[in-house]
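Let's take a walk through this structure together, one region after another.

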Amino acid sequence: MKKLLMIGACSIAMHVSQGQTKTNTQDAKMNAFVNSLMQKMTVEEKIGQLNLVTPGGTVTGSVVSKDVDNKIRNGQVGSLFGITGPDKIRKAQEIAVNNSRLHIPLIFGLDVIHGHRTIFPIPLGLSCSWNMDMIEKSASIAASEATADGLSWVYSPMVDIARDPRWGRVSEGSGEDTYLGCKVATAMVKGYQGNGYSDPTKVMACVKHFALYGAAEAGRDYNTTDMSRIKMYEYYLPPYKAAVDAGVSSVMSSFNEVDGVPATANKWLMTDLLRKQWGFKGFVVTDYTAINEMIDHGLGDLQRVSAEALKAGIDMDMVGEGFLTTLQKSLKEGKVTIAQINEACKRVLEAKYKLGLFDDPYRYCNEQRFNSAILTDANRAAAREFATKSMVLLKNNNNVLPLQKGKTIALIGPLADNKRNMLGTWSVSGDPEKSIPVLQGLKNVAGNDANILYARGCNISDDTMFAKKVNAFGKEIEIDARSLQQMIDEAIATANKADVVVTVLGEAADMTGEASSMSDIGLQKSQKRLLEELKKTGKPIVIVLLNGRPMTLTWEDQNADAILDAWFSGTEAGNAIADVLFGNYNPSGKLTMSFPRNVGQIPIYYNHKNTGRPYSGVGTGKFRSNYLDVSNDPLYPFGYGLSYTSFTYSNVTLSSPAMKQDQKITASVTVTNSGKFDGTETVQLYIRDLVGTITRPVKELKGYQQVTLKAGESKKVDFTISVEDLKFYNSDLKRVAEPGDFKVFIGTNSRDVKDASFKLVQ
Ligand code: BGC
């Protein structure tokens, strides 16, 4: 068969005229090959290509695929996900290539979200590095491990903008900001796909969840979303578009509705916007059983929702088999056309062609790479480096951090000596046994320089019902046989012997991620109790927080001496946390999501509107847009993060007080490392459009630069502002820059900024 296909491909190549560009020639070759193959296919076989199955593994829906081998043999499967390893994948591929009538190879996909076998920090953590080279490298290493493990397709990047930390899936994204979200989307796609699949260490990426999945009402997963077109275009859609512009090969539809029509049947979204406006050329896969779920959305029976999905522009049906079981009937009844089936089939075959699977269906089944490219020392070293760069220092009173040498440290908390929770959510191929817990990391890094005592202190949660739900994928919350009081007593005795108490607290890995929404995002009661009791010892208290979302930490902020947000740091968590605690790495992460003071402030985000009765500070007048019981400000704002050193900013200077549409302005500050440590600072540029035909946010991130300064060193940082930075979508959904007054802010976070003013003139 392979031979036959190759002859088809070669003969067409002869018809290609000499003068065409390389890309055109390649496209022509591919078209000819795919067309000739499709001529041999029955309608059933074409529909088979649209079917994505999983024999198990990661199961997030209510069904798994049955009778997978037979379906592959019968040409009823186009792609498969949930298995890894070149041996297993080779076996499945052999069934398709040797036993199906047309020998069409399968694509093998998986959720590779933040690393594959070597797990990196959760995406929200990675985004806090604001380091796009690093993020690209993380995707590149993940691609290299995934391909060595037999895979050719990853369900990442997840680029859903989110402003509600109750939504558990904030952990999988890059936070609340669109500008940064676009940068991350681009970096991830480049890291996974590189310059194309001629490189066998690259995989096909899949941007998800298209679209607006992060705007679920009340932060409850899978819930309804509803927003204006301006809000979509301005804030929620650009990261998906950035992935498309970066050449992403596939797109995953989201579970939610958009404008009253579930994304999976939304023709405006999948065809008019994605393909016609944005020019997307790859294929669209549904999320897990998203077609079937449209029955519950209230769109009709399986036949109808499957037809609607196809007509909207969906090419591949994940697990639900709505396409497989109903499209032929719909075709006979005139509810879908053969052209629609052909189009979807063609897109899937094109992806296979681009991956090189028709040339070599086993190109990702390389035992030698499987044995040498996974969990290497270099990948682990990268994981450690990425983790240190992702952590955010939220508080550090009296320079309690970095920890001093030669002291006794009481390491306390349910996450302090815990492997299971280091990897975080969606680390389906990560082995928790290979992760470094904090206790071990501290010992590794401190060596003889510290005396480390340990006590567990409490359970992550004492609520057994809650633990049962969180433990769906494994024992993340273990309930100790001892009572909370017994554990606390042991912790107090340990703390009393120490110079400093380091508590490792937070969430279990799957308290965030899919279907992990929470209405209370503070520490669990048991952990709060432990902290309150430890506080009474009078020892300095450091909190190392492991979490997948912004949490409410008002009490902790008031009572702890230092708080280091380490997120879920991945395989090298313990070593990386120790690197930061002992000052081998000076923390440089900056928050990409605001931390609210309490749940009542949610949704909370820095680029909000001013309103007609703007907030003017606590206690300043009643008829303002504020709360009676809490300030409007978050506890820790977007862009916030401390360092062991301090950075001071000069005033902002502008190269000119005005610019025309075709001109540029340079905004500059001098940043000085005014502390005692060398360090890296992320200098942030925000802009506000003061008057517009539609209302504009109080500030928007438009640029940033990372500078590494030695203690005492200064550097001038310049930002070039062009008219592109001043544009927004107006009421006609046109991107325009309107002449008028603007403010530019530069600072260390979205709150602490210096400003200057300029005009855009005609
Ligand atoms: C999730 C996706 C994921 C898919 C396959 C779904 O439930 O929403 O993000 O890629 O399952 O595992």
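Two strands are said to pair if DSSP finds at least two bridges between them. Helices (H or I, at least four residues) and strands (E, at least two) are DSSP runs, numbered from the N terminus. Before we go on, a word on the model: it is predicted, local features need pLDDT of at least 70, side-chain atom pairs count only at pLDDT 80 or more, and totals for chains, interfaces and linings use all residues. Residues are numbered from 1 along each chain as its sequence is written, and side-chain values use heavy atoms, with hydrogens and water left out.

With pairing in hand, look at strands β26 (residues 740–747) and β27 (residues 753–761): they run antiparallel and are joined by eight bridges. Within this pairing, F742 has F758 of β27 as its bridge partner. Both strands belong to an open sheet of five, in the order β19-β27-β26-β21-β22, where the pairing is mixed. At the edges stand β19 (658–660) and β22 (700–709); each has a single partner strand, so one side of each is left without a neighbour in the sheet. From one strand to the next, the twist averages 25 degrees, with axes taken as lines fitted to C-alpha atoms, for helices over the stretch in contact, and angles running from 0 to 180 degrees between N-to-C directions.

Rings of Phe, Tyr and Trp (its six-membered ring) pair if their centres lie within 6.5 Å; planes under 30 degrees apart count as stacked, over 60 as edge-to-face and the rest as tilted. By this rule there are 22 aromatic pairs. In one of them, W130 and Y704 have ring centres 5.1 Å apart and planes at 85 degrees, so the pair is edge-to-face. Because W130 sits in the loop between α6 (123–127) and α7 (132–148) while Y704 is in strand β22, the pair ties together parts that are 574 residues apart in sequence. Are these two residues buried or exposed? Both W130 and Y704 are buried, where buried means under 20% relative accessible area, exposed over 50%, and partly exposed in between (1.4 Å probe, protein chains only).

Elsewhere, F81, W153, Y155, F283 and Y288 form one aromatic cluster. Rings also meet charges here. A charge sits over a ring if NZ of Lys or CZ of Arg is within 6 Å of the ring centre and within 35 degrees of the ring normal. R163 lies over the face of Y605, at 3.7 Å from the ring centre, and K699 lies over the face of F745, at 5.1 Å from the ring centre.

Now turn to β14 (500–506) and β15 (residues 541–546). These two strands run parallel and are joined by six bridges, with V502 opposite V542 in β15. Six of the six residues of β15 are buried, so the strand is largely enclosed by the rest of the structure. In a regular strand, side chains alternate between the two faces of the sheet. In β15 both faces are covered, with I541, I543 and L545 buried on one side and V542, V544 and L546 buried on the other. A508 lies in the loop between β14 and α21 (525–535) and is buried, with a relative accessible area of 0%. Its C-alpha is 8.7 Å from that of R420, though A508 and R420 are 88 residues apart in sequence.
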